[in-house]
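Please look over the sequence and the model below before reading on. The briefing is meant to be read with both at hand.

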Amino acid sequence: MRRIAAQPLARRVASLAALACVMFGGAASAEAEALRTASDIAGASLVALGALPHSPENGTLDAFCAQYRAKTTTAAGRDVTKLGWIVTSEAPLGRYTVVTFASGFKPGTSAICFARNANIGVFDGTTLVALGYTARAAGWQLGSVEPLESGALLVWGGDGPSAPVGELREENGGLRLTAVAAERTYCHGRAVVPNVYGKPLDKARKILISHGWQPLRPHEKPNEMDGAATLAKHGIIEAEACSGTGMGYCALRYRSAAGVLGVTTAGGEPDTPSANTVIDYQVACRKQ
């Protein structure tokens, strides 16, 4: 999903927004123009837009990249598919439906594919009201979205395994792209995880420990050939396993009274914990 081609859709957004009333009908455009939108993320824009153009590609995927196509469950997602786009995620945001989509994917290494023309569409029913995109000069794209307990949506990048790029929120009757919040709640507020996305493993674990997340030793000692065993020698006793090739993923676990926190890093440098970066984390809640 990283390093992508030019974005014809992004370049056309300004003219489409200006001509929406004439080209696509006044009602949808008027609704979009009335919506307040903003972006705090450098390189990313969120604009009111009343209609989505057809994809510049045919919406087909080869078998290698097929896992990037999400099963559409919303009317908005199905309409996006009909326009030749590949839907990558769908999620509710208050009264809206958010659909992320791309025109195509380029195969990479380690079962990774890189998106072309990846964008975020916000729909009121089946009517597009806003579009999120990045400029060609930004060198990255918006990707899929994930619902948060706060009601916002976590926004991932569309260019490969990496930390999320921001959040999409309803704000004062409008929509806003913001930075990732300083912390995230799970388990109906019982678990609080500080934002360690993008941080080196050694710094991230210190932050987690200071917030009550204690390292959890694996049930079985990692094989000596596994990078997790090397991390353990550096004091990272919670490392469960590391992949030996590709992105060099490592899985680690922490625990608190609320549940178990699973952390994923990438980097492939077990001998240098600071060279491994946190790209994802999830919580398995304890039953009350």
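Predicted model: local features only at pLDDT ≥ 70, side-chain atom pairs only at ≥ 80, totals over all residues.

Of the 288 residues in the protein chain, 48% are buried, and the chain exposes about 13,200 Å², of which carbon and sulfur atoms supply 53%. Among the contacts in the chain with a separation of 6 or more, 53% are between residues 24 or more positions apart.

**The five-stranded sheet**

- Five strands form an open sheet in the order E1-E12-E11-E10-E9, and their pairing is mixed.
- Strand E1 (37-39) and strand E9 (142-147) stand at the edges with a single partner strand each, so one side of each is left without a neighbour in the sheet.
- On average, and with direction ignored, neighbouring strands of this sheet are turned by 20 degrees against each other.
- Strand E9 runs antiparallel to strand E10 (residues 153-157), to which four bridges join it, and Pro147 has Leu153 in E10 as its bridge partner.

**Two asparagines with positive phi**

- Most residues other than glycine have a negative phi.
- Asn117, in the loop between strand E6 (113-116) and strand E7 (119-124), has a positive phi near 55 degrees, and at 4% relative accessibility it counts as buried.
- Asn172, in the loop between strand E11 (166-171) and strand E12 (174-178), has a positive phi of about 50 degrees, but with a relative accessible area of 69% Asn172 is exposed.

**Disulfides**

- A search of the whole structure finds three disulfides, and with bonded cysteines counted along the chain their pattern is 1-2, 3-6, 4-5.
- Cys65 is joined to Cys113 with an S to S distance of 2.1 Å, and the torsion about this S-S bond is about -90 degrees, so the disulfide is left-handed.
- This pair links distant parts of the chain, 48 residues apart, with Cys65 in the loop between strand E2 (44-48) and helix H3 (75-82) and Cys113 in strand E6; Cys65 is buried at 0% relative accessibility, and Cys113 is buried with a relative accessible area of 0%.
- Cys187 is joined to Cys285 with an S to S distance of 2.0 Å, and this link is left-handed, with -95 degrees about the S-S bond.
- Cys187, in the loop between strand E13 (183-186) and strand E14 (191-194), and Cys285, in strand E19 (residues 277-285), are 98 residues apart; Cys187 counts as buried at 5% relative accessibility, whereas Cys285 counts as partly exposed at 41%.
- Cys242 and Cys250, both buried, form a disulfide with their sulfur atoms 2.0 Å apart, and the torsion about this S-S bond is about 110 degrees, so the disulfide is right-handed.

Definitions and conventions. Residues numbered from 1 in each chain as written. Heavy atoms only, no water. Pairing = 2+ DSSP bridges. Axes fitted to C-alpha atoms, helices over the stretch in contact; angles between N-to-C directions. Buried < 20%, exposed > 50% of the residue type's maximum accessible area, 1.4 Å probe, protein only. Contact = heavy atoms within 4.5 Å. Areas by Shrake-Rupley, 256 points an atom, 1.4 Å probe, with all protein chains shown as cover. Disulfide = S-S within 2.5 Å.
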